[in-house]
Structure formats: C-alpha cells, structure tokens
Amino acid sequence: MIEGSLSRRYTKALFQLARDAGQEEKIGQEVEQFYAAYSQTALQQVLNNPAFALEARKKILTQVIESQQLNPLTRHFLSLLLDRDRLPYLPGIVSCYRRLLNEVKGRIEAKVVSASVLEPERFAQLRDRLHGISGKDVVLQQETDARLLGGLQLELEGKIYDGSILTQLENMKQRIARGY
C-alpha cells in the first residue's frame, strides 16, 4: 500500500502519543485489530457513507470500539479520523504505524513464499540467516504458492530475491527462445 503524506502525518502523531505513554506496541495492535474488523465487514461502507448522519456513524463507531475494549488513546484517534472523514486513510496509517514501530524496535519485515509450508526448523534457520544479513530482528511471514514448484521467493527491505524453480524455468525458456 502506498502511504500518502496525510496518512504519515496522522501516523506520526499517533505514534508519538503512544510512545509518550509507553504503549506503542499495544496501540499498534489495537489499530490493526480495529482495521481488521473495519475492512472485512460492511462497517467500512457505513462509517464512510455521508448519507448517514455523523452522529449515527459516531454511535456505531463507539459501539465497535467498546466491543473491542480499545485503549482511550486508540478510541480518541479513531473518533478523530471519523470526525475529519479520514477513515479511508486507515490502511495507509496501519502500514505506516507498523513500519515506524519496527524501526523503533529494530525489526524488519520479510516475506517468504515457497511451494509448500516450510518446516519449523527450516523457517527458524531462514529467519536467523536474515537476522545475520540485516542485523535486525526479522518478523518473517510465510506464504505458499504451489506454482513455484520448489525453491523460495524472499522479500526483504523492498528487494525481492527469487530462487524459485518456476523463475529458473522461465529464464531457461527465454534463453532458448533467444538462441543461447
């Protein structure tokens, strides 16, 4: 997701307040928790629809916030986003917050895609090697894609490393087509 300057501004403000309170991890989790409910239900259409009165949307937001038992800081932040019609920026805010939190905690996110689920021992080895390369703690996410046939695709700090059999076969196919 591409983050806009508005998303970054709101995120930095929230992050600074959360950091001052010593709750940057908790606030980040709560914003992500709310975003999961917001993006996977009709809640998004209701809260962003100007056809509904602002007071009605505020009541709905308050009910969701109370059901999720969110921190007062998170409550005020989400209410502010609703009041200023900034809830559509929530995906960028979540992404930017996660990035800021990882920077402060000395972590990086990485994603590995393999043809089948990696064994826990192999997964841990990969994470340890990435830690050695980057010098930071690695939050590694795993996905599977049977089309790869074997090997791995790895995304680390915006770079993609592709050692999959699928890509190697495609490269061979192109070399053969060019006559090499």
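Is Y38 buried or exposed? I looked this up before anything else. Y38 is buried, with a relative accessible area of 1%. I note here that the model is predicted.

**Entry: tyrosines of α2**

Y35 and Y38 lie three residues apart in helix α2, which puts about one helical turn between them. An α-helix has 3.6 residues a turn, so residues three or four places apart point the same way. Y35 is partly exposed, its relative accessible area being 24%.

**Entry: aromatic pairs**

I searched the whole structure for ring pairs and got three. I took F15 and Y97 to begin with. Their ring centres are 5.3 Å apart and their planes stand at 70 degrees; the cut-off for edge-to-face is over 60, so this pair is edge-to-face. The pair links distant parts of the chain, with F15 in helix α1 and Y97 in helix α6, 82 residues apart. I checked burial too: F15 and Y97 are both buried. Next I read off the geometry of Y35 and Y38. This aromatic pair is tilted, at 6.4 Å centre to centre and 40 degrees between the planes. I also found that ring pairs join F34, Y35 and Y38 into a cluster.

**Entry: helix α5**

I tested the length of α5, residues 72-83. Twelve residues at 1.5 Å a residue should span 16 Å, and the end C-alpha atoms are 16 Å apart, so the two agree. I looked at the N-terminal end. N71 caps it, with a side-chain oxygen 2.8 Å from the backbone nitrogen of L73. L73 is itself one of the buried residues of α5, along with T74, F77, L78, L81 and L82. What covers these buried residues? The cover includes α1 (5-20), α2 (24-39), α3 (43-47), α4 (54-68) and α6 (90-105). I then stepped past the helix. Just after α5, D85 takes a positive phi of about 55 degrees.

**Entry: salt bridges**

How many salt bridges does a search of the whole structure find? I got eleven. Side chains of opposite charge can pair when their charged atoms come close.

I opened K105 and E24. They form a salt bridge, and their closest N and O atoms are 3.5 Å apart. K105 sits in helix α6 and E24 in helix α2, so the pair ties together parts 81 residues apart in sequence. K105 counts as partly exposed, at 36% relative accessibility. E24 is buried, at a relative accessible area of 10%.

I moved on to R107 and E25. This salt bridge has its closest N and O atoms 3.0 Å apart. It links distant parts of the chain: R107 is in strand β1 (residues 107-114) and E25 in helix α2, 82 residues apart. E25 is partly exposed, with a relative accessible area of 28%.

I came back to D85, the residue with the positive phi. Its side chain meets that of R57 in a salt bridge, 3.8 Å from N to O. R57 lies in helix α4 and D85 in the loop between α5 and α6, so the pair ties together parts 28 residues apart in sequence. Is R57 buried or exposed? At 7% relative accessibility, R57 counts as buried. I also found that salt bridges with shared partners join E32, R98 and E109 into one network.

Notes
Residues are numbered from 1 along each chain as its sequence is written. This is a predicted model: local features need pLDDT of at least 70, side-chain atom pairs count only at pLDDT 80 or more; totals for chains, interfaces and linings use all residues. Side-chain values use heavy atoms; hydrogens and water are left out. Helices (H or I, at least four residues) and strands (E, at least two) are DSSP runs, numbered from the N terminus. The expected span of a helix is 1.5 Å times one less than its number of residues. Buried means under 20% relative accessible area, exposed over 50%, partly exposed in between (1.4 Å probe, protein chains only). Contact means heavy atoms within 4.5 Å. A polar contact is a pair of N or O atoms within 3.5 Å; within protein, one must be able to donate a hydrogen and the other to accept it, and residues adjacent in sequence count only if both atoms are side-chain atoms. A salt bridge is a side-chain nitrogen of Lys or Arg within 4 Å of a carboxyl oxygen of Asp or Glu. Rings of Phe, Tyr and Trp (its six-membered ring) pair if their centres lie within 6.5 Å; planes under 30 degrees apart count as stacked, over 60 as edge-to-face and the rest as tilted.
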